[in-house]
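Subject: Structure handover

Hello,

Here is the structure for you to look at. My notes on what turned up follow below it.

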Amino acid sequence: MRAMGAQGETRELARALLAHVAHQRLLGVAEVPRATPCAVVTPPSNVTPPSRAASTIAPDARETLETVREDLGDCQRCKLAPGRRTLVFGVGDPRSRLVFVGEGPGADEDAKGEPFVGRAGQLLTEIITKGMQLRREDVYICNVVKCRPPGNRNPEPDEVAACEPFLVRQLGAIGPEVIVALGKFAAQTLLRSKTPITQMRGQWFDYHGIKLMPTFHPAYLLRNPGDKRLVWADIQKVMGALGLPVAGK
Ligand code: SF4
């Protein structure tokens, strides 16, 4: 994906902030009170304010996806570990401007060790390639939890609590300009919100200085193809934020 140009400094600040937040969470710090305004990004007027306390910036340029993966190791930090075949870390451009975050691996992903490779994944790939006119490898794709929940159930709070710090560290290492939260679970988890996805989708939120767009999960679209137009509308907003030309449908 092409370089971001003038927003590079902002991106680096956001990346450093996420790395710091992840480190604090791993230390058991849930929230850091904001003593002074945290001007990571000046959001446009339609960006919803952060739904949780902002954190102070402590630049840490040493974080990379490799260091995050090394720290995960053969992770046994939650009860999903015994049932997994593969720890599904994430795939794509480690410096992408755009990150898609889903809920967790399914059976196909667990078998292949790559997120979004089943039928829903094929639909996500079509959104990226045919809709956005990008290559799948131009973006980064990952999940809130990295091991398959049994029976594809939703990840439970203790599992999210164990795994999310590594997602935040991944986001900190990548430093994207935009995050697309795929589906209710990912959106509600990242934003600490109980708002239905039907109300969140299509609106911009702020995730530690990074613009976040919730939209429907591709698996939902397989069951409800009539709502593809809504996802396309959301994706067009993402393309606009990234300065990408809207050419396909
Ligand atoms: S879901 Fe995350 S925290 Fe739980 S075992 Fe897998 S990698 Fe570790």
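**The ligand and its cavity**

The ligand takes up the space of the largest cavity. To sit there, more than half of its atoms must lie within 2 Å of the cavity's grid points. A cavity is a set of points on a 1 Å grid, over the protein atoms alone, where a 1.4 Å probe fits but cannot get out.

This is a predicted model, so local features need pLDDT of at least 70 and side-chain atom pairs pLDDT 80 or more, while totals for chains, interfaces and linings use all residues. Residues are numbered from 1 along each chain as its sequence is written, and side-chain values use heavy atoms, without hydrogens and water.

The residues around the ligand include Cys75, Cys78, Cys147 and Cys163. Arg77, Arg84 and Lys146 are also among them. A residue counts as near if one of its heavy atoms lies within 4 Å. By class, this shell has 9 nonpolar, no polar and 3 charged residues. Nonpolar means Ala, Val, Leu, Ile, Met, Phe, Trp, Tyr, Cys and Pro; charged means Asp, Glu, Lys and Arg; the others, Gly among them, are polar.

The largest cavity has a volume of about 110 Å³. Volume here is the space filled by probe spheres set on the points, which are joined across faces, edges and corners. Its lining has 15 residues, with Cys75, Cys78, Arg84, Cys147 and Cys163 nearest the centre. Helix 5 (residues 157–174) gives the largest share, 3 residues. Helices are DSSP runs of H or I with at least four residues, strands are runs of E with at least two, and both are numbered from the N terminus.

**The largest pocket**

The largest pocket holds about 650 Å³ of space. A pocket is an open set with protein on both sides within 12 Å along at least five of seven lines; lining residues have an atom within 4 Å of a point. Here 29 residues form the lining, and Glu103, Ala120, His217, Ala219 and Arg223 lie nearest the centre. The lining splits into 13 nonpolar, 9 polar and 7 charged residues.

Ser96 sits in the loop between strand 2 (91–92) and strand 3 (98–102). Ser96 counts as buried because its relative accessibility is 0%. Buried means under 20% relative accessible area (1.4 Å probe, protein chains only). A polar atom of the Ser96 side chain lies 2.9 Å from the backbone oxygen of Asp138.

Arg97 is in the loop between strand 2 and strand 3. Arg97 is buried too, at 4% relative accessibility. Its side chain reaches the backbone oxygen of Leu242 at 2.8 Å.

Best wishes

Notes
Buried means under 20% relative accessible area, exposed over 50%, partly exposed in between (1.4 Å probe, protein chains only). A polar contact is a pair of N or O atoms within 3.5 Å; within protein, one must be able to donate a hydrogen and the other to accept it, and residues adjacent in sequence count only if both atoms are side-chain atoms.
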